[in-house]
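User: I would like to go through this model and ask what each label rests on. Please set values against definitions.

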Amino acid sequence: MPATAGSPSPPGAGRAGAPPPFSPPPRALMVLCFEDKPAMIDLVKLILSKRGFDVRGALGGPAAIATVREVEPDLILLDLMMPDVDGWDIYQQIKADDELSHIPVVVVTARAASIDRTLGLHVAKVQGYITKPFTPDELVALINQVLGIEGEGVDKAGAASPTV
């Protein structure tokens, strides 16, 4: 029965075929990767972009903190051994800055000695530590853990991680 003047229209009436109200897609989580080897930055971008992350690479150096401010990442992947600057120096600058100290940092390094891991996790209090070489699933699982994304080795949508 059609609605008459003054009577309420049923929900959705008069909007047949109308698109749903616009809501912008959620912002992809931003990961900033400090690494001195461009090929490693490209590999991290490949791994993480397939899982829905927005990844930016940076070579470190004196402008590292300015890069963090400009990019405003949700997480930083930090190589410790870079030729122009020590990764620990970048980490200390980030944690000493009130505007940046909330950003979680995951150390990605070739330093595999247990003392380095212990110093990183328990003394410096980095949020994560992974040694090279690593598998894509190991990297994704650690980032998911640090960011509080449920599931180990899964993307944000919950699908199994493909082998890269």
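User: Why is Leu 142 called buried?

Analyst: Leu 142 has a relative accessible area of 14%. Buried means under 20%, exposed means over 50%, and partly exposed is in between (1.4 Å probe, protein chains only). So Leu 142 counts as buried. This is a predicted model, in which local features need pLDDT of at least 70 and side-chain atom pairs count only at pLDDT 80 or more, while totals for chains, interfaces and linings use all residues. Residues are numbered from 1 along each chain as its sequence is written, and side-chain values use heavy atoms, with hydrogens and water left out.

User: Where does Leu 142 lie, and which residues is it in contact with, leaving aside neighbours within four places in sequence?

Analyst: Leu 142 lies in helix H5. Helices (H or I, at least four residues) and strands (E, at least two) are DSSP runs, numbered from the N terminus. Leaving aside neighbours within four places in sequence, Leu 142 is in contact with Val 106, Gly 128, Tyr 129 and Ile 130. Contact means heavy atoms within 4.5 Å. Leu 142 and Val 106 are 36 residues apart in sequence, and their C-alpha atoms are 8.4 Å apart.

User: What makes H1 and H5 roughly perpendicular?

Analyst: Helix H1 (residues 38–49) and helix H5 (residues 136–147) pack at an angle of about 70°. Angles under 35 degrees count as roughly parallel, over 145 as roughly antiparallel, 65 to 115 as roughly perpendicular and the rest as oblique. H1 and H5 are therefore roughly perpendicular to each other. Their axes are 10 Å apart. Axes are lines fitted to C-alpha atoms, for helices over the stretch in contact, and angles run from 0 to 180 degrees between N-to-C directions.

User: Which residues meet where H1 packs on H5?

Analyst: H1 brings Val 44, Ile 47 and Leu 48, and H5 brings Pro 136, Leu 139, Val 140 and Ile 143. By class, the contact of H1 with H5 has 7 nonpolar, no polar and no charged residues. Ala, Val, Leu, Ile, Met, Phe, Trp, Tyr, Cys and Pro count as nonpolar, Asp, Glu, Lys and Arg as charged, and the others, Gly among them, as polar.

User: Why is H2 called oblique to H3?

Analyst: The axes of helix H2 (residues 64–71) and H3 cross at roughly 50° and come within 10 Å. That angle makes H2 oblique to H3. Ala 64, Ile 65 and Val 68 of H2 make the contact with Ile 90, Gln 93 and Ile 94 of H3. The residues in the contact of H2 with H3 divide into 5 nonpolar, 1 polar and no charged.

User: How do you know that Trp 88 and Tyr 91 form an edge-to-face pair?

Analyst: Rings of Phe, Tyr and Trp (its six-membered ring) pair if their centres lie within 6.5 Å; planes under 30 degrees apart count as stacked, over 60 as edge-to-face and the rest as tilted. The count by this rule is 1 aromatic pair. Trp 88 and Tyr 91 are 5.8 Å centre to centre, with 85° between the planes, and the pair is edge-to-face. Being 3 residues apart in helix H3 (residues 87–96), they are separated by about one helical turn. Trp 88 and Tyr 91 are both buried.

User: What makes Phe 134 buried?

Analyst: Its relative accessible area is 15%, so Phe 134 is buried. Phe 134 lies in the loop between strand E5 (128–131) and H5. Leaving aside neighbours within four places in sequence, Phe 134 is in contact with Met 40, Ile 47, Val 108 and Leu 139. Pro 133 also lies in the loop between E5 and H5. The peptide bond from Lys 132 to Pro 133 is cis, with omega near -5°.

User: Is Thr 109 buried or exposed?

Analyst: Thr 109 is at 0% relative accessibility, so it counts as buried. Thr 109 is found in strand E4 (residues 105–109). Across the protein, 38% of the 164 residues count as buried.

User: And Glu 72, buried or exposed?

Analyst: Glu 72 has a relative accessible area of 60%, so it is exposed. Glu 72 sits in the loop between H2 and strand E3 (75–78). Its phi is positive, about 50°, although Glu 72 is not a glycine.
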